[in-house]
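Hi there,

Here is the structure I promised to pass on to you.

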Amino acid sequence: MGGTVAFGTVDTPLGRMLVAVSETGVLSVDFHDSPAARARTVERSGLVPVEDPGRTAAATERLAAYFAGELRDFALPIDWRLTTRVQRQVLAGLYETVPYGSVVTYGRLGERSGTSVPARAIGQVMGANPIPVIVPCHRVVAGNGLGGYSGGTGLDVKRWLLTLEGALPPTLDWDPAKGP
């Protein structure tokens with residue numbers, strides 16, 4: 001495919017997040033900015049890194065607004081190149097049909113996606129989501145509870161994001177920067 005990738009960062013209550021944006025759209029979001037995270041994105045995408053703050057501005061501004069409780073819909077173009085066809089189908093369905101403040105079960109998302117992927121495999125797709133928060137894998141829950149979460153520091157981050165969106169009631173005063 002060729003092309004370039006620009007990196008931007010945004011400070012959030014969960015730490016400094018890294019956003020990668022290609023000419024096509026948001027390519028990845030990482031919960032931690034680091035040289036290793038940037039190198040992984042470059043290696044996996046095959047894109048050449050460039051400095052282009054203008055390209056990343058919409059994504060970083062919208063993430064900041066989301067974490068401030070001021071944004072409910074990212075409405076950003078997505079570059080799905082880091083996903084397989086099936087992952088893309090499931091994640092695109094999630095991005096397009098599960099709005100802010102709502103949740104869907106792994107099984108129901110599998111049905112909606114039209115992929116015949118069982119609930120357990122939907123969980124694996126969520127765990128491999130290269131664009132967490134923007135493509136809201138935190139909104140996918142088990143039929144009997146929250147399920148798992150591999151983003152940030154794990155399930156506490158999922159719970160925090162769902163509480164931010166009002167999908168879960170606040171239960172305690174947890175500071176994600178300090179951990180549990």
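Below are some notes on salt bridges, aromatic rings and one serine.

First, a word on the source: this is a predicted model, in which local features need pLDDT of at least 70 and side-chain atom pairs count only at pLDDT 80 or more, while totals for chains, interfaces and linings use all residues. Residues are numbered from 1 along each chain as its sequence is written, and side-chain values use heavy atoms, leaving out hydrogens and water.

Let's start with charges. Side chains of opposite charge can pair when their charged atoms come close. The structure holds 8 salt bridges (a side-chain nitrogen of Lys or Arg within 4 Å of a carboxyl oxygen of Asp or Glu). One of them joins Arg 16 to Asp 11, with the closest N and O atoms 2.8 Å apart. Asp 11 is exposed at 53% relative accessibility, and Arg 16 is partly exposed at 43% (buried means under 20% relative accessible area, exposed over 50% and partly exposed in between, using a 1.4 Å probe and protein chains only).

Another salt bridge links Asp 156 and Arg 159 at 3.2 Å, N to O. Both residues sit in helix α6 (residues 155–164), 3 residues apart, which is about one turn of the helix (helices are DSSP runs of H or I with at least four residues, strands are runs of E with at least two, and both are numbered from the N terminus).

Now for the rings. The whole structure has 5 aromatic pairs (rings of Phe, Tyr and Trp, the last by its six-membered ring, with centres within 6.5 Å; planes under 30 degrees apart are stacked, over 60 edge-to-face and the rest tilted). Phe 31 and Tyr 149 make an edge-to-face pair, 6.4 Å centre to centre with 85° between the planes. Phe 31 is in the loop between β3 (26–30) and α1 (35–45) and Tyr 149 in the loop between β6 (140–141) and α6, so their pair ties together parts 118 residues apart in sequence. Both Phe 31 and Tyr 149 are buried.

Finally, where is Ser 113? Ser 113 lies in helix α4 (residues 106–113) and is buried, at 8% relative accessibility. Leaving aside neighbours within four places in sequence, Ser 113 is in contact with Gln 89 and Val 90 (heavy atoms within 4.5 Å).

Happy exploring!
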